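The structure is shown below for reference.

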Amino acid sequence: MAGDATTLSVPGPHGVRDVRISSPTRVLWPEVGVTKLELAEYLVAVGEAFIEANGDRPVSLQRFPGGVDGEQFFSKNPPKGAPEWVRSVTVTYPSGRRHPQLVLDEPAAAVWAAQMNTVVFHPWASRAGNTDNPDQLRVDLDPQPGTGFAHAVPAAYALRDLLGEVGLAGYVKTSGNRGIHVFAAIEPEHEFLDVRHAVIALARELERRMPAELTTAWWKEERGDRIFIDYNQANRDRTMAGAYSPRPLPHAPVSCPLAWEELDGADPAEFTVRTVPERLRESGDPWAGMHDRPGRLDTLLEWWQRDLDGGLGELPFPPDFPKMPGEPMRVQPSRARTPD
């Protein structure tokens, strides 16, 4: 019934908060029958690790009022009716426009977002206290048609080793679908554009070492059946599903942190809203302590300059970005060619 509701008691750093969940029996994932209440209970169960990974950051909410098979929209401004204990921070978008975005400081805030039909949480790579300077370097290994998760695994290991060469410690998670995300903690001393350039330099070096398996080609027609290293996820206001965030796929998967020794042979479909809480209780959080020893981007930025000096320039930005200095034409190569 429309008037049905329940209350969850959510422990957190400021004590227990009672969060009202309306329409708790509404099914969000029809294929497996996961309800709105189950989603909220999941966020309680993984709350500490979820906030450790995604808290204290501007976050966009991907909301599905009618379930994952229905309409969706993104909330970047804080939704109306947010409790007084849920804060926001003003961020600057690529256009120069400034707006507040939600910040999650405790599990109850994530549960409240679930009450607002949030399924996917998209945290920024920067902290609320310094939104312009990321403290995470993020790499998205995106399988192209003809490839899948298993093809991305060797690339992830090679990326981990390359990060180690430049003094960064890589942490890995499933995307919740076919891809793999690799993060590294960095000192928040560079703006987003510099971090993007560091990721491009990293991606180009990885591509040189595995040219048959990896590509930095922005245009899909040039990628072939290789893993795309999506450098544009490093841009300002470009986010990916956070660690422990559910995904809107039929089996209710989760973007799940893994220990590196788990990656080979892992099946991302096994990490779901229903299985991850027990995994976390039994095995702990593989991402615990990620930010204990942040690294620096000096070597990667030297590689970026080396590549510039060698004739490799800027790469395309996402289509919604303003035209950026040094950027090549935003037209796919097949359309840019003219007859002789």
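The points that follow treat the helix packing and then the pockets. The model is predicted. In it, helices α4 and α5 approach each other to within 10 Å, and the largest pocket has a volume of about 380 Å³.

**Packing of α4 and α5**

- Helix α4 spans residues 149–165 and helix α5 spans residues 192–209; their axes cross at roughly 125 degrees.
- Because of this angle, α4 is classed as oblique to α5.
- The crossing of α4 past α5 is right-handed.
- On α4, the contact is formed by A155, A158, L159, L162, L163 and E165, while α5 contributes L202, E205, L206 and R209.
- Seven residues of this contact are nonpolar and three are charged, with no polar residue present.

**Largest pocket**

- A total of 16 residues line the largest pocket, and D140, D142, H181, Q233 and R247 are the ones nearest its centre.
- Strand β12 (residues 136–143) supplies the largest share of this lining, namely three residues.
- The lining of the largest pocket comprises eight polar, five charged and three nonpolar residues.

**Second largest pocket**

- The volume of the second largest pocket is about 170 Å³.
- Its lining consists of S60, F74, K76, W124, Q233, D237, R238, T239, D320 and F321.

Conventions:
Residues numbered from 1 in each chain as written. Predicted model: local features only at pLDDT ≥ 70, side-chain atom pairs only at ≥ 80, totals over all residues. Heavy atoms only, no water. Axes fitted to C-alpha atoms, helices over the stretch in contact; angles between N-to-C directions. Helix = DSSP H or I, 4+ residues; strand = E, 2+ residues; numbered from the N terminus. Parallel < 35°, antiparallel > 145°, perpendicular 65-115°, else oblique. Left-handed = near helix turned anticlockwise from the far one by under 90°. Contact = heavy atoms within 4.5 Å. Nonpolar A, V, L, I, M, F, W, Y, C, P; charged D, E, K, R; others polar. 1 Å grid on protein atoms, 1.4 Å probe; cavity = no way out; pocket = protein on both sides within 12 Å on 5 of 7 lines; lining within 4 Å. Points joined across faces, edges and corners; volume = space filled by probe spheres on them.
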